[in-house]
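Here is a short tour of one protein model, written for someone who likes to look at contacts. Please keep the viewer open as you read.

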Amino acid sequence: MERPDAIFVGAELEDNLSTRTLAAAVRAAGRTAATERFDGAADAARVAGRIAARDPALVGLSMAFQHRADEFVGLATALRALGYRGHICAGGHVATVMPETVLAAEPIDTVLGHEGEEGIVALLRALDDRAAWPAIPALGWRGDDGAVRVNPPAPARRDLDAFPLPVREGTLRRHLGLPFVPLWGSRGCYGACRFCAISTFHRLRPGPRLRFRSPESIAAEMATLYHDHGARIFCFHDETMFLPRPARTRERLDAIAAGLRARGVGRIAVVGKARPDGIEPGLLGHLRESLGLMRLYVGIENWSAAGLEHLGRGVTAEQNARALEACRAEGVYGCYNLLIFEPDTTLEDLEDNLRGMERFPDIPVNFCRAEAYAGTPLWHDLRRAGRLRTEGFATDYTLSDPKARLVFRMVREAFRDRNFAADGLANMTMSFGYERQLLRHFLPAGERGLAELVREVDALILEINADTRDKLARILRFARSPAAADPAAVAATTFELATEINVGGAALQERLIDLRREMNLLAERSGAWREVLAPAPGR
Ligand code: SF4
């Protein structure tokens with residue numbers, strides 16, 4: 001088996017752009033690199049075995065999520081137990097904001113904060129030369145005295161086109177049979193949300209908060225992915241694909257569309273994310289036509305004025321509503337998450353959120369709590385107020401309002417399987433709506449069976465959303481009732497609701513799976529679908 005210089009390890013819910021970009025940077029420097037998938041603690045022994053067998057000079061751990069940080073430490077420990085003596089470096093958000101906590105783990109040699117493309121190459125060249133480490137920006141390590149040293153980061157590079165593009169190996173995932181590929185066209189965000197780990201990551205170094213690749217560079221990469229890898233669905237993982245001024249968004253995305261046409265790219269679907277304040281009437285419909293925009297994750301986050309303010313969203317509930325109305329009116333599938341719980345949520349705020357969900361009964365939504373990610377303004381506020389609890393990588397807080405706290409506890413229990421599992425009904429419903437939109441996007445309106453199937457899917461989404469709102473409403477009503485003061489009544493009601501949500505959810509899920517099967521069959525037998533998949537003429 002080939003012995004690469006570096007192996008980068010990370011989650012692979014989709015193709016991991018971080019590990020692939022670092023592998024590309026190492027290869028561009030004339031060294032060898034590979035990537036390895038690591039999706040959970042249960043995989044640690046197997047992944048460690050695979051890496052140890054290849055014995056790379058460096059293992060890079062992509063520690064993007066605090067809730068998974070211990071699993072990566074476990075992986076490093078498993079590697080050492082197998083006798084791996086190479087260098088283990090942790091990167092990503094966690095390593096950037098919690099270097100001391102990461103380096104408390106003996107098996108990990110260094111952390112590399114911020115963007116790692118240049119630092120990882122410098123580190124690879126200096127693995128045995130610790131005297132060179134102080135010159136590597138954002139590198140952290142334990143000194144001979146045991147104290148952690150972390151070099152200051154370099155300013156953020158503006159010339160993103162100069163960064164190597166992620167390596168693309170193996171076959172692409174498929175959605176309804178169409179190859180799907182994630183990519184990035186910018187880094188950072190113009191928002192300043194108080195809970196946001198991403199904007200914190202970009203704020204902690206000198207330089208602009210938002211940087212862009214050029215439209216030409218993006219179009220060239222997409223054309224390669226289209227022609228050489230068969231990609232038909234392009235998912236932009238930019239924090240915001242849209243700019244603060246809609247006219248600039250139109251100009252930039254039109255330039256990408258023109259670049260695609262010039263390179264012979266046929267019909268595609270584009271998925272992106274946007275803040276509500278970046279959307280104006282007419283923009284989405286235009287981008288649907290020009291670029292193939294078909295799905296937009298809209299950052300709604302909260303429907304209550306107080307919640308939006310506490311989260312630092314910088315938008316109003318009406319702006320939220322206008323953004324979703326634009327999606328609906330202009331044929332782009334909008335979907336969103338809500339952070340209905342934040343440290344100072346009240347029962348009234350939760351009721352506002354329920355009303356917001358009622359206003360868009362056709363749009364799949366998931367809801368949860370704003371977590372206090374390390375280094376974020378929310379985390380600092382809670383810490384200053386003495387409300388933050390930390391243990392290792394974990395951070396936690398208690399909601400200040402007793403009634404909201406009760407609702408949070410009940411929601412966490414009752415909705416655990418539906419809302420918080422990756423394959424729970426809430427996430428499945430979002431994917432379900434997305435697949436329906438893919439059919440609408442690529443098939444002619446008159447395609448046999450399409451209209452009827454879409455009607456059935458729409459009806460089931462309405463039913464699932466109504467069921468979710470009904471259960472949430474019952475919890476809110478219970479919290480206002482005298483019974484809420486009785487712990488036994490709380491436990492009994494929570495148990496009853498959890499049972500209803502899970503049993504009812506299983507039945508809804510079965511119907512959803514049946515309809516997904518029908519959508520797949522419709523795509524499979526459609527001539528129009530095969531045309532989308534066909535190579536461009538002359539290729
Ligand atoms: S809009 Fe999204 S990415 Fe930007 S700061 Fe807010 S939460 Fe973060």
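Predicted model: local features only at pLDDT ≥ 70, side-chain atom pairs only at ≥ 80, totals over all residues.

Let's start at the ligand. The residues around it are Cys189, Gly191, Ala192, Cys193, Phe195, Cys196, Ser199, Glu239, Arg275 and Arg313.

In soluble globular proteins, nonpolar side chains tend to be buried together. Here the largest nonpolar core has 115 residues, and Leu61, Met63, Ile108, Met222, Phe234, Phe242 and Leu296 have the most contacts inside it. Helix H15, spanning residues 402-414, gives the most to this core, namely seven residues.

| Core | Number of residues | Some members |
|---|---|---|
| Largest nonpolar core | 115 residues | including Leu61, Ile108 and Phe234 |

Ile108 is worth a click. Leaving aside neighbours within four places in sequence, Ile108 is in contact with Leu61, Val73, Ala76, Ile88, Ala90, Val102, Leu103 and Arg142.

Finally, where does alanine 11 sit? Alanine 11 belongs to the loop between strand E1 (6-10) and helix H1 (17-28). Alanine 11 counts as buried because its relative accessible area is 14%, under the 20% cut-off. Not counting residues up to four places away in sequence, alanine 11 touches Asn16, Phe38, Asp39 and Arg68. The C-alpha atoms of alanine 11 and arginine 37 are separated by 5.8 Å, although these residues are 26 residues apart along the chain.

Technical notes:
Residues numbered from 1 in each chain as written. Heavy atoms only, no water. Near = heavy atom within 4 Å. Core = buried A, V, L, I, M, F, W, Y, C linked by side-chain atoms within 4.5 Å. Buried < 20%, exposed > 50% of the residue type's maximum accessible area, 1.4 Å probe, protein only. Helix = DSSP H or I, 4+ residues; strand = E, 2+ residues; numbered from the N terminus. Contact = heavy atoms within 4.5 Å.
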